[in-house]
Amino acid sequence: MAFAGVLNDADVKAALDGCSAADSFDYKKFFHSCGLSNKSADDVKKAFKIIDQDNSGFIEEDELKLFLQNFSAGARALTDKETKAFLAAGDTDGDGKIGVDEFAALVKA
């Protein structure tokens, strides 16, 4: 698991189970359930680096679509509606992607 040592496996499973149905993903609930919202700034940055698959320094829409799969390979992809809502919530500067500071603000929201 990519988040081993950062997040508790049982918490991650519970968070994934809570959004297993299409269009049920809520980033605030997810970050709270998996425990990321209570982690240090360093742990949040580690999570960002895991999700930033292409190491561009940003999380783009295609990476957001596969967001849940970073937590478990068998997890579903986000729907287009969920992906666009997630991006809109995190992209505070309007550049079409989420930077590390924007991600940290999302996690702590």
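This is a predicted model: local features need pLDDT of at least 70, side-chain atom pairs count only at pLDDT 80 or more; totals for chains, interfaces and linings use all residues.
Residues are numbered from 1 along each chain as its sequence is written, and side-chain values use heavy atoms, with hydrogens and water left out. Local features need pLDDT of at least 70 and side-chain atom pairs count only at pLDDT 80 or more, whereas totals for chains, interfaces and linings use all residues.

The unreviewed UniProt entry places a "binding site" at Asp52, Asp54, Ser56, Phe58 and Glu63, although such annotations may be inferred rather than shown by experiment. Phe58 is partly exposed at 29% relative accessibility, a class that lies between buried (under 20% relative accessible area) and exposed (over 50%), with a 1.4 Å probe and protein chains only. Beyond its neighbours within four places in sequence, Phe58 has contacts (heavy atoms within 4.5 Å) that include Asp52, Glu63 and Lys97.

Turning to the aromatic residues, rings of Phe, Tyr and Trp (its six-membered ring) pair if their centres lie within 6.5 Å, and planes under 30 degrees apart count as stacked, over 60 as edge-to-face and the rest as tilted. By this rule the count comes to 15 aromatic pairs. Tyr27 and Phe31 form one that is edge-to-face, at 6.5 Å centre to centre and 65° between the planes, and both residues are buried. Phe31 also pairs edge-to-face with Phe67, at 5.9 Å centre to centre and 90° between the planes. Ring pairs link residues into a cluster, among them Tyr27, Phe31 and Phe67.
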